[in-house]
Amino acid sequence: PYIIAASADSHTRPNGINIEGLRRRGFSKEAINGIKKGYKIIYMRNNSLEQAKKDLEKLKQSSKEVGLYLDFIERSKRGLIR
């Protein structure tokens, strides 16, 4: 959720969050900042997926939108692009 994916060669990789789409859908600056922090936890810190989930759970306390990341991870049958 919230991610822009880009394809290079035959590999798709995360390429940031869709800030413009979030703004158009009425997400507040605070919500977008929480989503950015969640993105960094998953994609930019070299965390294991288990550590990322723990960090996201903590962040979820101050940013409810981060819960969608956790839901996606838990329900995913194919995993995440990383």
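Helices (H or I, at least four residues) and strands (E, at least two) are DSSP runs, numbered from the N terminus. The model is predicted, with local features requiring pLDDT of at least 70 and side-chain atom pairs counted only at pLDDT 80 or more, while totals for chains, interfaces and linings use all residues. Residues are numbered from 1 along each chain as its sequence is written, and side-chain values use heavy atoms, with hydrogens and water left out.

Most residues other than glycine have a negative phi. Asn-46, which lies in the loop between helix H2 (29-43) and H3, has a positive phi of about 55° although it is not a glycine. Tyr-2 belongs to the segment before strand S1 (3-8) and is buried, with a relative accessible area of 14%; buried means under 20%.

Two packed helices are described by the angle and the distance between their axes. For helix H3 (residues 49-60) and helix H4 (residues 66-75), the axes come within 9 Å and cross at roughly 150°. Axes are lines fitted to C-alpha atoms, for helices over the stretch in contact, and angles run from 0 to 180 degrees between N-to-C directions. The contact (heavy atoms within 4.5 Å) involves Leu-49, Lys-53, Leu-56, Glu-57, Leu-59 and Lys-60 of H3, together with Val-66, Gly-67, Tyr-69, Leu-70, Ile-73 and Glu-74 of H4.

Notes. Buried means under 20% relative accessible area, exposed over 50%, partly exposed in between (1.4 Å probe, protein chains only).
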